[in-house]
Amino acid sequence: MAEENTIIARVLASPLDVDKAAWNALLARQAHPTPFMRHEYLAALHESGSAILRTGWTPRFMTLWDGEELVAACPLYLKNHSYGEYVFDWAWANAYEQHGVPYYPKAVIAVPFTPVPGSRLLARDAATRALLVQAVTQWCEDEAISSVHMLFAADDDVQTSAEQGLMLRHTVQFHWKNVAPTLPAAHGSLPPEGALPALGRPGGGEAAAPTLPAAHGSPTPEGALTGLGRPFESFDDFLTSLSQHKRKKIRQERRRVAEAGVTFRWARGTDISAADWDFFYRCYERTYLEHGNPPYLTRAFFAAMAAEMPEAWLLFVAERDGQPIATSLIAISAYESSAIGQNDLKMVAYGRYWGALERVDCLHFEACYYQPLAWCIDHGAVRFEGGAQGEHKMARALLPVQTTSTHWLAHPAFAEAVERFLEREGQGVNAYLESLNERLPFRQGT
């Protein structure tokens, strides 16, 4: 290791080999902690058999130590496939195969099955974060691992990756913010907190890729939303911010669910009963099986969530004639028992899982968007993140937000080819964002 002779790198074969208190203390120091990076969450993925060697996720957690003190760490997995990542590199793997070069195993710095942006490199300071990236890439080079991919990284992680020469890749998610537009022609996306300009692979210290329009610091287009107002007071207040067409459609969709005799209840934390968790898993499992795949997460994983970090979960249950027929499970941040000292103590909600045993028109929209958004408004959540992909979410006022992954490829020729690809792809992502920003759902004159 460079810089400090006292810093030692250790690769651990299980998240259980890392002290929970030390890991969570590091997480608490980061700018963008999420519940999914808590030690309890990662340990549950391992102990439940959800993210282990058998499922293609071999843990090799990278840790840095200054004496007996854990000063940096990241969740590192070796993968022999690209499932459960939500940043798609199948074309890269195919190109390697066509040239007779092994792509797998590869390494990912990620939370398995969880496309939620947040801190990935847990470090006591910027210098140690840089050492952590160096340790991961050096270890992969020594072990003949083809590549490293850090998925849905926070701004600090992206900045460090760029400084260390990793390539950046951008995708789009859709997030709702609990802020009523205040200016006419609300035609700009709402930036995430601490949004970082889109960067390309550095060359001579300069960013190569174009920056994201409007939402990330470049000039605001004419007629864009340039001011933010108060939090919404109610769901009806939220609806008044939308165009007449969008407002009418949402009311129609909600009416169809109500006219079908469906009502909702919600439970939070320890109020979620064992029967509720069991019913949720029936729905969750059925959703995967209907698409021809077994579920990523086991029932034991959710049992661990109920036991180890119940405060991070909010469950909506749809009922008809007194019987449950569907559920959606939402994750919640900023509880007292989550990472202490995190920079943003404002509550954020994360749309995660859903399933239904009966088909009801528009039930998915009600369970996954309208009920959670109404709850967020009533309980003061500042943001609802809708998960990976889904342009249809814009009709529900979940607006486009850029997310970033970082990549290191050991093979120089492939690294050069991927760099060229990412430059073209980045231009396409920016064009896509510009297109989305031309058709946001807000009404004129709000």
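What is the mean pLDDT of the protein chain, and what share of its residues reach 70 or more? The mean is 87, and 85% of the residues reach 70 or more; pLDDT is the predictor's confidence in each residue, from 0 to 100. This is a predicted model, in which local features need pLDDT of at least 70 and side-chain atom pairs count only at pLDDT 80 or more, while totals for chains, interfaces and linings use all residues. Residues are numbered from 1 along each chain as its sequence is written, and side-chain values use heavy atoms, with hydrogens and water left out.

**The chain as a whole**

The protein chain has 11 helices and 15 strands. Helices (H or I, at least four residues) and strands (E, at least two) are DSSP runs, numbered from the N terminus. Of the 446 residues, 56% count as buried, where buried means under 20% relative accessible area, exposed over 50%, and partly exposed in between (1.4 Å probe, protein chains only). A contact means heavy atoms within 4.5 Å. Among contacts between residues at least 6 apart in sequence, 77% join residues at least 24 apart.

**Two helix pairs**

Two packed helices are described by the angle between their axes and the distance between the axes. Axes here are lines fitted to C-alpha atoms, for helices over the stretch in contact, and angles run from 0 to 180 degrees between N-to-C directions.

| Helix pair | Axis distance | Angle |
|---|---|---|
| H3 (residues 90-98) and H11 (residues 412-437) | within 12 Å | roughly 145° |
| H8 (residues 274-290) and H9 (residues 299-308) | 11 Å | about 145° |

H3 passes H11 in a right-handed crossing, and the crossing of H8 and H9 is right-handed. A crossing is left-handed if the near helix is turned anticlockwise from the far one by less than a right angle, and right-handed if clockwise.

Ala, Val, Leu, Ile, Met, Phe, Trp, Tyr, Cys and Pro count as nonpolar, Asp, Glu, Lys and Arg as charged, and the others, Gly among them, as polar.

In the second pair, Ala274, Trp277, Asp278, Phe280, Tyr281 and Tyr284 of H8 meet Arg299, Phe302 and Ala306 of H9. Here the classes come to seven nonpolar, no polar and two charged residues.

The 17 residues of H8 should span 24 Å at 1.5 Å a residue, and its end C-alpha atoms are 24 Å apart, which agrees. The expected span is 1.5 Å times one less than the number of residues. Buried residues of H8 include Trp277, Phe280 and Tyr284; among the elements covering its buried residues are H9 and strand S10 (262-268). Just after H8, Gly292 takes a positive phi of about 85°.

For H11, 26 residues should span 38 Å at 1.5 Å a residue, and the end C-alpha atoms are 37 Å apart, which agrees. What covers its buried residues includes H3, strand S9 (167-177) and strand S15 (399-409). Leu433 lies in H11 and counts as buried because its relative accessibility is 2%. Leu433 and Val401 are 32 residues apart in sequence and 8.3 Å apart in space, C-alpha to C-alpha.

**Where to read with care**

Over residues 183-227 pLDDT stays under 50, and the model has 101 contacts beyond four places in sequence for them. Residues 335-344 also have pLDDT below 50, with 16 contacts beyond near neighbours in sequence. Where pLDDT is low, the predicted coordinates should not be read in detail.
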